Structure formats: structure tokens, C-alpha cells
Amino acid sequence: MALWGLKKIKGENETIITTKEVLIAKADALYDQEQYQEIYKFLINYKDSGDVEIIWRLCRAMYKMSKNANEIDGKKLIFEACHLILDAIKIKEDHWVAHKWASILLNSKTLYEGMKAQIKESYNIKKHMLRAIELNPKEPTLMYMLGSWCYQIADLTWYQRKIASVIFAEPPSSSFEEALKYFENAEEIEPNFYSQNLLMLGKTHLKLNNKEKALKYLKMTVDYPAKNDDDRNAKQEAQKLLKNF
């Protein structure tokens, strides 16, 4: 549905507002209010528009909806969103947000497909992160994502590593030290930008036995203003870790 040519002109000296700009503004406002189903209801009509700005926002809403859906509906949302975002990259390969969401959605898709798929897709997930960082190196959420990838790889169990060695001649590898570097880079770019990054700093310092620093970041996570589910989940996990400290 290509409606981008439609324009509303209020006056000779006033700004021209396109249908696309209205849709984007509405989607972003609803996202801030955590109204993900409402975003889905009106953006799904434009899934075949070929406009990457619309498509990634639709995929973002579908991802958020999947968090509270049952397993069948959640899987359907993630698989469709994954298909849409990968097609969007074919339309505009140099769109950093599309690569960011491709990475997130591919990772979510593998959670439904099992451990073997998670390991098999790990390089592809990282590839999209690195491309997004190449296009926008000063975006802290990308550093957080890459740090999380490193943390997950470093935290693989022995049997998961054995599966990886069967799939790849050179299995993915990383360390908690490398993960820490990216989490710290994210904080340098924008301090306190995300509760989950503070949580991961705390967890990574715990893995490295830096208990004083771990305590600092876990307390910061608990004190972080809870504005959405990510913040609330981070706070809850940090509180559990502090109880066992």
C-alpha cells in the first residue's frame, strides 16, 4: 500500500506532512506508551509497502507482542517479523536499524528452534550486529547487543560447545572480558542509557569475580527508574542476584 505520495498541506507557509510521517509519529508515540498491539493493528496494513522505516517499526511491535503471547502466537509473530525485516534489508542494505532488528529477531527465532539452531545462527546474528555498528558506531544499544552476544558465547556449557564444534570448523568464541569491553563502551557513549546494560555489567563482573564492581552495577540496576518491561525485568533479576551476594 504505497500511500507515501499523499500529502496534507495546511497553509502556504506551513510544513507539509506526509502520510508516512504521521504513521511513524503515531507508531513512536504508541511505542513509548507500550501500546504494541495498537501499532500492529495499523502498521500491518503497510507490511508490503516496501518502506523500511515502516517495516522495522512493525517488526519491533511484533517482537514486543511476542513477549506476552502464548508459545504458538509468539512463534508466529517472531517468524513473520524475521521474514519481514530480512526482506527490508534487501530493499535498503545500509539501514542500521534494520540490521539491529534482524539480529534481535534472528536470535528470538532460534529460541523456538532449539540449541542447535541457536549455535548455527550465532555468526549470522553477530554479522548483522557488526554491520549495524559499522553504519552507526555511536549507538550504545548496539554495543550492549554485541556484549550480550559475547557473554552468551562465553557462558556456553561444555555440551553446547561440543555441538558447536560439530556444526563449525571454527566454533564461535568469546570471553567475559570481551563482553565487559562492549558493555563499558556502551556506557561511555551514553551513561545509564539502559537498565539491561547496567545489569549485564553487574553479571559480567560477577563472572570475573570483581565483586565490588558487580555490587555497584547491580545496585544501580535496582535503583534505575522502571519505565517498561525491560527495566522491570532487569530490576527483578538484579534483586535476586543481590540476595545471593
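## Inside helix α4

An α-helix has 3.6 residues a turn, so residues three or four places apart point the same way.

Helix α4 covers residues 71–91, and its 21 residues should span 30 Å at 1.5 Å a residue, counting one less than its number of residues. Its end C-alpha atoms are 30 Å apart, which agrees.

## About the model

This is a predicted model, in which local features need pLDDT of at least 70 and side-chain atom pairs pLDDT 80 or more, while totals for chains, interfaces and linings use all residues. Residues are numbered from 1 along each chain as its sequence is written, and side-chain values use heavy atoms, leaving out hydrogens and water.

## The whole chain

Stepping back, the protein chain has 13 helices and two strands; these are DSSP runs (H or I, at least four residues, for helices; E, at least two, for strands), numbered from the N terminus. Along its principal axes, the C-alpha trace spans about 65 × 45 × 35 Å.

Buried residues make up 45% of the 245 residues. Among contacts between residues at least 6 apart in sequence, 58% join residues at least 24 apart.

Note on methods. Buried means under 20% relative accessible area, exposed over 50%, partly exposed in between (1.4 Å probe, protein chains only). Contact means heavy atoms within 4.5 Å.
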